[in-house]
Amino acid sequence: MANSIWKSYPQLGEKLDLTTDYIHEIVKINNLDISSMIIDLTSSGKMLRPAFFLLFSEFGEKKRSTKDLIPLAASLEILHVATLIHDDVIDDSPLRRSYPTIHTKYGRRNAIYAGDYLFTLYFELISKNLESNTDILRNALSMKKILIGELDQMLINFNVKSTTDMYMKEISGKTAELFSLSAAMGAVVSDGSAELITRCKEIGHDIGMAFQIIDDILDFSNSAQTGKPVHEDLKNGVYSLPYILGLEAGNRQLIDILSKADLTAEDDSLATDIVIDYGYLNKAKDIAKTFTEHAVEEIEKLPKNKNQKVLRAIVQRLVNRIK
């Protein structure tokens, strides 16, 4: 059943259930343990990227059937889950969506192969269900940007000289690009104009930027909302925006803590206190809200239909997680 966030939108929730069922049907792996874990991963997420694709597919000139849209909606979630599996291997994360990660249970090699399998499944779906090489190329270039964003993260890891610009570039690829692709492809498959496609792409990008920053902020709260251990990124030397704002401000105490080779629980607690007490966490919230507000402004410029209201509500709900 679709995530509870779609309870107020039963028609969309039904389409997302069909998308999940479709994914489960096409995941064909003889290794039943890995297959089961992939199914768990694709059953427990918010399905935001397929949801945005389906919503934005209503703004173009052509009305596409749900049957035509489901494979492409599935491809976006499959691509997302593939990147998550590889992320978990790289970060050695024990949990994903409150489940043990694949590499934790079955080893890094099997997890990498599982992620690679999903990448090939993604390309199979877009090749079969997109009408032009241009649209397939659009997806391939987006995947390239996503992977470059992942590589850009290496420039931030354990780097106390990290800047906001470096961080924004990283999440623009790593996270926002797939939201951007989801929104743009919705406009593409519904025969939207070039102007509409560009606007949808920009809206998706702003939503993705806000989403990642909000996830960073939630890392300061509890694992119930994120499905992973609290402060896991910091332990792996991945500095999220609140920390980077402190580093960029030249906070000597924070710089000294994060310059240590190994952080103790006391270091972690002290770094968190600094980020909160000096207002870096609140500044990160303001930046997330700025991206959200811009997305809502652009949503207002879309062709008038019922999905405008749904989009506004969903975007507002995402930012409300940090109130």
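**Close-up views of a predicted model**

View 1. Asp256 is partly exposed, with a relative accessible area of 42%, whereas Arg252 is exposed at 52% (buried means under 20% relative accessible area, exposed over 50%, partly exposed in between, with a 1.4 Å probe and protein chains only). The model is predicted: local features need pLDDT of at least 70, side-chain atom pairs count only at pLDDT 80 or more, and totals for chains, interfaces and linings use all residues. Residues are numbered from 1 along each chain as its sequence is written, and side-chain values use heavy atoms, without hydrogens and water. A salt bridge joins the side chains of Asp256 and Arg252 (3.2 Å, N to O); the term denotes a side-chain nitrogen of Lys or Arg within 4 Å of a carboxyl oxygen of Asp or Glu. Both residues belong to helix H13 (residues 252-258), four residues apart, about one turn of the helix. Helices (H or I, at least four residues) are DSSP runs, numbered from the N terminus.

**View 2. The salt bridge of Glu298 and Arg199.** The side chains of these residues meet at 3.0 Å, N to O. Glu298 lies in helix H15 (residues 280-299) and Arg199 in helix H9 (residues 194-218), so the pair ties together parts 99 residues apart in sequence. Glu298 is buried, its relative accessible area being 8%. A network of salt bridges links Glu195, Arg199, Glu298 and Lys301.

**View 3. The salt bridge of Asp267 and Lys260.** The closest N and O atoms of this pair are 2.9 Å apart. Asp267 is buried, at 8% relative accessible area, while Lys260 is partly exposed, at 41%.

Definitions and conventions. Helices (H or I, at least four residues) and strands (E, at least two) are DSSP runs, numbered from the N terminus.
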